Amino acid sequence: MAAKTRPTTRTKTSARRTRSSTGAKSARAKSTRGSSTRRRASQARNDAIALLKADHREVEGLFQQFEKARTSDRKRDLATKVCDALRVHAQIEEEIFYPAFYEATGDDEIHHEAIVEHDGAKKLIAEIESSGPDDEYYDARVTVLSEMIKHHVKEEEQRDGMFAKARSSGMDLVTLGERLAERKAEIESSPELLKSIGRAKDAGKGLIARLTSSTEH
Ligand SMILES: [Fe+2]
Ligand SMILES: [Fe+2]
């Protein structure tokens, strides 16, 4: 009886050990999977796409505030903030993100449309900046700019849009995010730099000519 009991006990103990060792292994595997998922999630929170999306949300908020603004001072203040934010955003996309996207994917349709949309927005930004709330077309210009940006942001963020393609292309989005953040801070801290970027004179000719010549050579 005793001889029978011992093996049963050993079997139970060993089963417990096996279960507990399997459990520990699976817990370790889960924790490794969990930590790599967390690492990927935290990288995604800080990568280039997260930074650009945060810019989009900021500008959407400013447009919403503009819609509710009633005084000329408030409208001018908000429109200036919108224009500055958009010029910085367009600049870092055109200097850093778009070329990296183009190089990684070769998707000229998405890339070129984005550039042309930036150019259209820049022309309207220039008109807003050179007029004021007393101009009868001021509000209309800001509203049309808001609609243009809404369309552009949708093209960048939609399921098969630029950001989704960038993410599936294997681009180093974390390093790109660092470069975008650095350049953004540099422009924002320099009033001269901020003034000189993204003006209408750059629209069309500048970027598109540079693009055309770089694809011709
Ligand atoms: Fe964008
Ligand atoms: Fe853009």
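Predicted model: local features only at pLDDT ≥ 70, side-chain atom pairs only at ≥ 80, totals over all residues.
Colleague: Let's start with a pair of helices. At what angle do H2 and H7 pack?

Modeller: Look at the two axes. Helix H2 covers residues 48-68 and helix H7 covers 173-188, and they cross at about 45°, with the axes 7 Å apart. That makes H2 oblique to H7.

Colleague: Which residues of H2 and H7 meet there?

Modeller: On the H2 side you'll find Ala48, Ile49, Ala50 and Leu51. Their partners in H7 are Leu173, Leu176, Gly177, Leu180 and Ala181. Now the general idea: an α-helix has 3.6 residues a turn, so residues three or four places apart point the same way. Keep that in mind as you read the H7 list.

Colleague: What does Ala48 touch?

Modeller: Leaving out residues up to four places away in sequence, Ala48 touches Phe97, Leu173, Leu176, Gly177 and Leu180. In the largest nonpolar core, which has 20 residues, Ala48 is among those touching the most other members, along with Phe97, Phe101, Ala166 and Leu176.

Colleague: Which helices supply this core?

Modeller: H2, H3 (72-105), H4 (108-129), H6 (162-168) and H7 each supply at least two residues. H3 gives the most, with six. There's also a second, separate core of 17 residues, including Cys83, Leu86, Ala90 and Leu145.

Colleague: Back to H3, then. Where does H3 bend?

Modeller: Find Glu94: H3 bends there by about 45°. Then follow the chain past the end of H3 to Gly106, which has a positive phi, near 65°.

Note on methods. Residues numbered from 1 in each chain as written. Chains lettered and ligands numbered in written order. Axes fitted to C-alpha atoms, helices over the stretch in contact; angles between N-to-C directions. Helix = DSSP H or I, 4+ residues; strand = E, 2+ residues; numbered from the N terminus. Parallel < 35°, antiparallel > 145°, perpendicular 65-115°, else oblique. Contact = placed C-beta atoms within 7 Å. Core = buried A, V, L, I, M, F, W, Y, C linked by C-beta atoms within 7 Å. Buried ≥ 20, exposed ≤ 12 C-beta atoms within 10 Å, placed from the backbone. Bend = angle between axes of the 7 residues up to and from the residue.
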